[in-house]
Structure formats: structure tokens, C-alpha cells
Amino acid sequence: LQHSVRVDLAERGYDIEIGEGVLEGIVDFVQQRHAVSHVAVITDSNVDGLYADAVADRFSDADIETHVLVIDPGESSKDPEVAHDLWQTMIEEGCDRQTMVLAVGGGVVGDLAGFVAATFARGLTFFQAPTTLLAQVDSSVGGKVGVNLEGAKNMVGAFWQPAGVLIDVATLTTLPDREYRAGLAEVVKYGVIMDEPFFAYLEAQADAINGRDSAVLAEIVRRCCRLKADVVEADEREESGRRAILNYGHTFCHALEAATNYTRLLHGEGVAIGMLCASRLAERLGRIGADVTSRQHALLEKLGLPLTAPADLDPDELVRLMWRDKKVSAGKLNFILPSRLGEVELVADPPVGDVRDSLGLGG
Ligand code: NAD
Ligand code: ZN
């Protein structure tokens, strides 16, 4: 079972191909879109032995000069120093303007490899083979690439669209349980913000999702890529504001991540909690009924995601962290809130007390 999603952008579009076992055809997938003579495969040390090494062999077997560049796993690799090491290694390996960069890994590898592709020799052709659920449904679509600065996530980067994205859902079978579930939070998000029938599909397929059924996963990834592509096509460079709907649950999530020093919660776990906070806020403001929140709660619970903020966190501190973000952006504190399942609206500067009470932390 194979799916294809076309992303149509102003300059040029690209295809996302999705299926089980499709990595076997990666050389054809690339060659159909690019005259490739030299590949730099960028991966991390977890994904290298699982998938990237085999991918590199396929290119070598096709008589294409191939190098594998392996980074340490984890967010700390999304760093200018690591990008610098990769640029340097690429020079030593003889990479030039003709080299194609292929990211094989999760969002960290994709964002970093994309950044290196965007910058080396003023920009190289870039392909992605994402291997986490989060990367397959979110970070591999949209062209945002970059690295972090001290205390400033994704502060240095670019919009650099890939020439193609190949998504093998079979790679999800080896993903650690928490990483898999964290990716599911972003999947649920798409249903809430723009697709009620998809939300209902997720409710109906919860058991298959928990069992990592590959046909269901392929359909889920296809649907999420299509939904994100629709948003990105409407707002390629984050100018019209349409992309903001993707931030549902994220204002709360960012405060939760900061309050826990980015160590206790995976991003998707923070998104799950943050979506429920945002939904409660919408209830308080009289925008939705309690049913909209309870359906999200039930689905997220069924998918094994955390539902409440860690009880030791101070609600006032979380509120401070949210409003600190506001100062950084020198504007209003914007929340994306549901108006019903499948539709969200931007709400600027809701009352602080309502935001605080929506955290569910009492006090
Ligand atoms: P990640 O890349 O760190 O991967 C999570 C862990 O899973 C890592 O340890 C990795 O080695 C391992 N792994 C990857 N694939 C595996 C597999 N198939 N089997 C077993 N282990 C595997 O994390 P992530 O959640 O994929 O990505 C997070 C990053 O994505 C963040 O840096 C975030 O900023 C970024 N992101 C970017 C965008 C964007 O639009 N560019 C959107 C959302 C998130
Ligand atoms: Zn997110």
C-alpha cells in the first residue's frame, strides 16, 4: 500500500511518498527526481545501524559515491558546532555543489541536515527519509531547517525545501514507545485544528494505532502530510499567519518544556497536555462546550499520552514563562483555540486568570 502527497510551492513542488518498505526503492525515488552522482547521508548513531547504513549501501551498489556522516542522537546535536563539523567533514570527503544531502533519521537529523544542505556551497539538493513519527507527520514537511542557539530553539536556519521525501512506516516498528506516542500527539493535533473526520478516524482506529498497524500508520502519515502541506502551501514563509494554527497547544507546551528544563517531557507529551489546557481555556472563554475537551482527553488517554501538567509545577511560574515569550515577540500573547473539533481560531491576550486556571494545577 503506497501513498503519494504532492506539495505545491511557489518556486517548485515536491513529492512525499509513503508506504511500508519503501526505503528499498530509495535510489529509484531519488534518481527519478535528481541526477545524483554523489550522496552525503546524514544520520544519528541510533538510526545508522538500523536504516542509514543499508540506505547508503543501496547508493554504493548503484555506483554512486556515498558518504555517511553520523551525529550523536538528541537535541544537543542541533547545534552550530555540529553543523560546522559536518561542513568540515564534507570538504574532507570531497563534497561539492553536485553533492546531494540525504537525511535519514528523526527531526533532529532532518533539521540539522537540511540546514547543512541549505548552507554548504550556497545550497545543495536535499532529500529526506524521516524515521520518527514526529518527523514523518511534522518536521519533514514545510521546509523549515535550522539549529539552536543557547536558550533559543531554531534561532538560526532557513526555508529549504527538499526535492523529495520518502517515508517508510516500517521504520516506526523500532521507535521507542515514548517517542512513538509523542508523535501521536501531533497527529491528534491535526484532527482538532482542521479535520474532524480524521479525528473520528483516530478514535475508531485507536487499537490499531497502539498496535502500530502499518496500513493504518501509512494512512495516518498520508493524511497528516496532506494537512500540513495544505497549511504550508497557503503560507510557505510564515507570512500570512495561517501557519499559526499548527501551534495549537504549543503556547502551553513551550512553558511546560521551559519549566521542566526540556528534560522531563518530550515535546509531543507537552503538546498533549498543552492541547487540553488550550481546550479548557476555550471552554472558560465560552467558545466551546465541554465535549470538545473530553473527546480529546479520551483519545489522548487511549493513546497513552500524559494528560496533566506535572503536579509540582507552579502555575504562576508557567504563566510568567508564557508572558515572557510575549515580550520576546514584542506583540500579543496569541493562543490557538478550538471553536469546534476540526476548527481553530486565534485568540489574542485572553485574561491571565483564565489562562492560569486552564493549567489544571489548582493552587
Ligand atoms: P529525534 O530526531 O531526536 O529522534 C528521537 C529519538 O529516536 C532519537 O534518539 C533517535 O536516534 C531515535 N530514532 C529515530 N528514528 C528511529 C527509529 N526508526 N527507530 C529507533 N529509534 C529511532 O527527535 P524527533 O522527535 O524526531 O524530532 C525532534 C526535532 O524536530 C526537534 O529538534 C524539533 O525542533 C524538530 N521539529 C522540526 C519541525 C520543522 O518544521 N522543521 C517541526 C517539528 C519539530
Ligand atoms: Zn510541535
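Asp-349 counts as partly exposed, because its relative accessibility is 31% and the band for that label lies between the 20% limit for buried and the 50% limit for exposed. This residue belongs to a predicted model, and its place is the loop that joins strand E11 (343–348) to helix H14 (352–358).

**Loop residues with a positive phi**

- Most residues other than glycine have a negative phi.
- Asp-349 has a phi near 50°, which is a positive value in a residue other than glycine.
- The C-alpha atom of Asp-349 is separated by 32 Å from that of Leu-202, and the two residues are 147 places apart along the chain.
- Asn-261, found in the loop between helix H10 (250–259) and helix H11 (267–284), also has a positive phi, with a value near 55°.
- Asn-261 is classed as exposed because its relative accessible area is 60%, and the limit for that label is over 50%.

**The zinc site**

- Which residues coordinate the zinc ion (ligand 2)? The donors are Glu-186 through OE, His-250 through NE2 and His-267 through NE2, at 2.0 to 2.1 Å.
- Along the sequence, the donor residues of the zinc ion (ligand 2) follow the spacing E-x63-H-x16-H.
- Glu-186 lies in helix H6 and His-250 in helix H10, so this pair ties together parts of the chain that are 64 residues apart in sequence.
- Glu-186 is buried, with a relative accessible area of 1%, and His-250 also counts as buried, at 7% relative accessibility.

**How helices pack**

- Two packed helices are described by the angle between their axes and the distance between the axes.
- The axes of helix H3 (residues 80–92) and helix H4 (residues 107–119) come within 10 Å and cross at roughly 55°.
- The crossing of H3 and H4 is right-handed, and the contact is made by Val-82, Ala-83, Leu-86, Trp-87 and Met-90 on the H3 side, with Leu-112, Phe-115, Val-116 and Thr-119 on the H4 side.
- H6, the helix that holds Glu-186, packs against helix H7 (residues 196–204) at an angle of about 140°, with the two axes 6 Å apart.
- H6 and H7 are therefore oblique to each other, since roughly antiparallel would need an angle over 145 degrees.
- The contact between them involves Val-187, Val-188, Tyr-190, Gly-191, Val-192 and Met-194 of H6, together with Glu-196, Phe-198, Phe-199 and Leu-202 of H7.

**Buried residues and their contacts**

- A polar atom of the Thr-171 side chain lies 2.7 Å from the backbone oxygen of Asp-168.
- When neighbours within four places in sequence are left aside, Thr-171 is in contact with Leu-23, Tyr-51, Pro-130, Thr-131 and Gln-136.
- Glu-219, in helix H9 (residues 214–234), counts as buried at 17% relative accessibility, and it touches His-3 and Tyr-201 when residues up to four places away in sequence are not counted.
- Val-27 is found in helix H1 (residues 26–31) and is buried, with a relative accessible area of 11%.
- Not counting residues up to four places away in sequence, Val-27 touches Arg-58, Phe-59, Ala-62 and Ile-64.
- Val-27 and Arg-58 are 31 residues apart in sequence, and their C-alpha atoms are 6.8 Å apart in space.

How values were computed: Residues are numbered from 1 along each chain as its sequence is written. Chains are lettered from A and ligands numbered from 1 in the order in which they are written. This is a predicted model: local features need pLDDT of at least 70, side-chain atom pairs count only at pLDDT 80 or more; totals for chains, interfaces and linings use all residues. Side-chain values use heavy atoms; hydrogens and water are left out. Helices (H or I, at least four residues) and strands (E, at least two) are DSSP runs, numbered from the N terminus. Buried means under 20% relative accessible area, exposed over 50%, partly exposed in between (1.4 Å probe, protein chains only). A polar contact is a pair of N or O atoms within 3.5 Å; within protein, one must be able to donate a hydrogen and the other to accept it, and residues adjacent in sequence count only if both atoms are side-chain atoms. Contact means heavy atoms within 4.5 Å. Donors are N, O and S atoms within 2.8 Å of the metal (3.2 Å for Na, K and Ca); water is not among the atoms, so sites may look incomplete. Axes are lines fitted to C-alpha atoms, for helices over the stretch in contact, and angles run from 0 to 180 degrees between N-to-C directions. A crossing is left-handed if the near helix is turned anticlockwise from the far one by less than a right angle, and right-handed if clockwise. Angles under 35 degrees count as roughly parallel, over 145 as roughly antiparallel, 65 to 115 as roughly perpendicular and the rest as oblique.
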